[in-house]
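Let's take a walk through this one together. Have the model open and follow along.

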Amino acid sequence: MSDYKLPDLPSDDELGITEEDLRALEESEGGPEPGRKPAGPPPAGDAGGPPGGEDPDDERVFRWGGPLMLLLIVGLGWTASIRTGLPEPVPAEAPDTTFSAVRAGTMLEEIVRAPRPTGSPEHARVRAYLVDRLGSLGLEPEVQTTTAVLQGDGFARAATVRNVIARVPGADPTGAILLTAHYDGTELSPGAGDNASGLVTVLEALRAVLAGTPLRNDIVVLFSDAEEIGLLGADAFARDHPSMQNVEVVVSFEMRGSGGPSILFETADGNGAVVRALDAANPRVFGTSLGEEFFRYMPHGTDFTVFERAGKPGLNFAAIDNASVYHTPRDLPSALSSHTLQHHGDHALGALRGLGSLDLSEIRAPDVVYFTVPGLGLVVYPVGWVLPLSGLLVLSAVGAFFVARRRGARTAGIVAGFGVAIVAIALGYGAGYLMVDQASGAHLEAGRLPGALFYGEGWYVLALAAATLFVVLLLLRLARRRLSLIELTLGAVIVPLAAAIGLSVAAPLAAMQLQWPTLAALVVSTLLALLGTRSESWLGWIVALLLTVPVLFLLVPAVELLWLAAT
């Protein structure tokens, strides 16, 4: 017997022969070439890679692709987190025109000695301290004393309020910027975060502004009273004080916790000019118009609510991390993050300098969508782009579907992939619900804190994320026995696609949190379909990783903010 062996013949891919070439050849010759399978769409398992037919060599090369992808996703998620990238506290030796969290912290220690509810001796002491500090800046503060009444369904509340007010004249004013924070507190809380942080932010920012070139517009400072019992001080100022007459824009500082970024979470109708002015003056703005849609459904408000009802546009800032200290005896200076205080101050200076040079008589402009992207800063565009962007999503989804079908994906498989996504959501929610229910029984504070479920929720959130990831990956592993990668991917995208389109109609200022991630998912679905069996190679791996970035950078901050706001 001869030892001669036939040489290995090159494959169709190596020769550059496409499926279209094979189909044309079969049609011209009247049938498939002997020994060759009929050309046409590959079996369902071939779209996006066969579940069980990977080349052994590819498998060896790609053995660590999954764990490496998971590590990189965790790293990207950490980068996107709202808890990273906060500014470093500026020391007391910094130039006078700079906001220093250390200088502000010195004043905070003087303010936070004991709880200061409206009408208490401590409340009076803090009011005198604020009057003294404003006087030391060369201003002439006054105390507005009046009676304010709050009426609601079946109740009425009244108090004597004492607002502290001062004015900084502008060089050529076109109106006034109202800079405000409330100085009252609750009966049990020292109120370092809520709201001594706002008081010292206003004082230190005002000092830095006065140390520099005078602004064009007036600044009216309002330390409002009785916010905690119904926004009574702000209401009294808006209703009765003559300074309100030339207020054109409001900058307000609040706190619901003691850490995390200072968030631009609320503006008002006609917010385009104020948001762009802040962005131009401060490249480190953290904000999201998601807060606009979310906060309108919350059962409470801030002093900013009073001025918004009066038709004033503006900027409302608050930090909401570490919310377990909110309105509790644990709201102490030691619990307040100096990074958060510095971020508050950077926002205050940016707002004053950005708005201080504008023509405030033309401050109202069409609404804009805004959100912060790590590494890019604040992204701002007109709200009129929201519906066309949803139209682009629909077109992209249709295109991805036809490409996937062309590459062998089955319509029934895509529908099944959608079903798998729904089951994954249900199982993930069920696992999370059971975990929270079990954990609540081990915490006496559960259900009793104003701002959080537990004193420390971070590890529980990580456990929830890990449990959800485990459930979803296990389900996908089982589904891959019958469904291709592209069928699962395209089926799963239907869920955020429908939610993004719904938000673009019902809550357009929040739609961007799903629109851009969904667009990235549709692009990656299309590319994976085009790659075919190579979708599970390193090329497909890189494509998927790159398009994971916009998903994580928009969804991670949104999920964190919703967790912290709703607990």
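Asn 195 sits in helix H7, which covers residues 192-210. Take a look at its peptide link to Asp 194: the bond joining the two is cis, with omega at about 5°. Keep in mind while you look that this is a predicted model.

Next, move along to the loop between strand S4 (218-224) and helix H8 (232-240), where you'll find Ala 226. Is Ala 226 buried or exposed? Its relative accessibility is 0%, so Ala 226 counts as buried. Leu 231 also lies in the loop between S4 and H8. Leu 231 isn't a glycine either, yet it has a positive phi of about 60°. As for accessibility, Leu 231 comes in at 14%, and because buried means under 20%, Leu 231 counts as buried.

Now for some helix packing. Two packed helices are described by the angle between their axes and the distance between the axes. Helix H4 (residues 65-80) and helix H18 (residues 538-566) have axes that come within 9 Å and cross at roughly 30°. Angles under 35 degrees count as roughly parallel, so H4 is roughly parallel to H18. The crossing in which H4 passes H18 is right-handed.

Which residues make that contact? On the H4 side they are Gly 65, Leu 68, Met 69, Leu 72, Ile 73, Leu 76, Gly 77, Thr 79 and Ala 80. H18 answers with a list that includes Trp 538, Trp 541, Leu 545, Val 549, Phe 553, Pro 557 and Glu 560. Sorted by class, the contact of H4 with H18 has 15 nonpolar, four polar and one charged residues.

Zooming out, the secondary structure of the chain comes to 18 helices and nine strands. There are 567 residues in the chain, and 49% of them count as buried.

Finally, a word on confidence. The chain averages a pLDDT of 88, and 89% of the residues score at least 70.

Note on methods: Residues are numbered from 1 along each chain as its sequence is written. This is a predicted model: local features need pLDDT of at least 70, side-chain atom pairs count only at pLDDT 80 or more; totals for chains, interfaces and linings use all residues. Side-chain values use heavy atoms; hydrogens and water are left out. pLDDT is the predictor's confidence in each residue, from 0 to 100. Axes are lines fitted to C-alpha atoms, for helices over the stretch in contact, and angles run from 0 to 180 degrees between N-to-C directions. Helices (H or I, at least four residues) and strands (E, at least two) are DSSP runs, numbered from the N terminus. Angles under 35 degrees count as roughly parallel, over 145 as roughly antiparallel, 65 to 115 as roughly perpendicular and the rest as oblique. A crossing is left-handed if the near helix is turned anticlockwise from the far one by less than a right angle, and right-handed if clockwise. Contact means heavy atoms within 4.5 Å. Ala, Val, Leu, Ile, Met, Phe, Trp, Tyr, Cys and Pro count as nonpolar, Asp, Glu, Lys and Arg as charged, and the others, Gly among them, as polar. Buried means under 20% relative accessible area, exposed over 50%, partly exposed in between (1.4 Å probe, protein chains only).
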